[in-house]
Every structure is written in C-alpha cells, then in structure tokens.
Amino acid sequence: MANRRGRPSVEDKRNNQYRVLMNDVEDRMLAYCSRLTGLPKSQIFRKGVEAYYQQVLLNEYGKSYGQDYDGHISLKRVVECPHCGAQNGIDCEDYIIDEISYERQMGPEIEHCFDCEDYECVSCGETFHIHGSIHEYPVGAYDSEEIKVEGE
Ligand SMILES: [Zn+2]
C-alpha cells in the first residue's frame, strides 16, 4: 500500500501470478481500455481490482456502523443504434421498471431492470428499444449486466 504509484518497491514485489480466462467480449473491453488509456492490460486488471476492493471495503465499513452505504452504481451506458450504428448515451436510471433485491453474503444484490420502448437516435432520428438489467453487488459495486438493443 505504501508505494501506490510507479514501480513496486523491493518490499512490494509482484510475486502473485494469476491465469485469467476471458471471453471475446471481455477481451475486447480490455483491449479498448488499454488502447484509449495507453496503459498496459496488466495495469487495467490491477486498477479494476483496486476499484472493486474500494467498493467492497466501503460496503463493509458502512455495515459495521449500522448504516447502509447509499451510493449506488451509475446506470449510464453507451449503446449502438441498430439502424445507423451511431453511439447513443443513455441513463438507464430514467427507464427503471423494477428493482429486485436478493439477499447475499455481503447484503443485498440489486437488479436494476429497465425498459425504454422508443429511444430516439441522436444521429438518424429512428427509434429503437433498449431493455435489460444491471446487477449491483455488493451495494455500490458493479456486478454484471445484460442489455438488449433492438430496432423495430
Ligand atoms: Zn441511428
């Protein structure tokens, strides 16, 4: 924890090695982040772990003081128009139809379900259907998502 930037110090050697299997979608996400930030893929992994760790820690900290951590994850996404391929920004929060809660080890897992029947493309003006759900677990941390985009 002492030397957070730059190379790890002699006492903080990176001796732990993991072999991580990824599907094509995850691999594309990793390559995209690496290309845009200019950071090596290993750095992206470490940053991901650190961000997740901070969320888990915050969640646990809130619980020990008898209060829920109330910062929820962002539901903002970029989706591709099925008509013209243009990228559209959408805040799925505005189209919530249900919030389902499941009790798990670290408290609730929240499934944010949304449905937008006629989102208008910023580029071509055609409308399309965006629906699906984003899972938050533990509270404050992203877990997984399934988002469908369909043209009429
Ligand atoms: Zn379009």
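In this predicted model, the side chain of Glu 136 reaches the backbone nitrogen of Gly 140 at 2.7 Å, and the side chain of Glu 136 also makes a polar contact, at 2.9 Å, with the side chain of His 72. Glu 136 itself belongs to strand β5, which covers residues 127-136. Although Glu 136 is buried, it has no salt bridge, and the nearest side chain of opposite charge, that of Arg 77, lies 9.4 Å away.

| Partner of the Glu 136 side chain | Distance |
|---|---|
| His 72, side chain (polar contact) | 2.9 Å |

Two patches on the surface can be described next. A patch of negative charge is formed where Glu 117, Asp 118, Glu 120, Glu 126 and Glu 152 gather on the surface. One of these residues, Glu 117, is found in strand β4, which spans residues 107-120, and Glu 117 counts as exposed because its relative accessibility is 53%, where the cut-off for exposed is over 50%.

The other patch is nonpolar and consists of Tyr 18, Val 20, Met 22 and Phe 45, which together have about 430 Å² of accessible area on the surface. Among them, Met 22 is located in the segment before α1 (24-37), and with a relative accessibility of 32% Met 22 counts as partly exposed, since that class lies between the limits of 20% for buried and 50% for exposed.

Note on methods: Residues numbered from 1 in each chain as written. Predicted model: local features only at pLDDT ≥ 70, side-chain atom pairs only at ≥ 80, totals over all residues. Heavy atoms only, no water. Patch = residues over 30% accessible without salt bridge, like charges linked within 9 Å, V, L, I, M, F, W, Y side chains within 5 Å. Areas by Shrake-Rupley, 256 points an atom, 1.4 Å probe, with all protein chains shown as cover. Salt bridge = Lys/Arg side-chain N within 4 Å of Asp/Glu carboxyl O. Lys, Arg positive; Asp, Glu negative; His and termini not counted. Charge placed at Lys NZ, Arg CZ, Asp CG, Glu CD. Helix = DSSP H or I, 4+ residues; strand = E, 2+ residues; numbered from the N terminus. Buried < 20%, exposed > 50% of the residue type's maximum accessible area, 1.4 Å probe, protein only. Polar contact = N/O pair within 3.5 Å; in protein donor to acceptor, adjacent residues only side chain to side chain.
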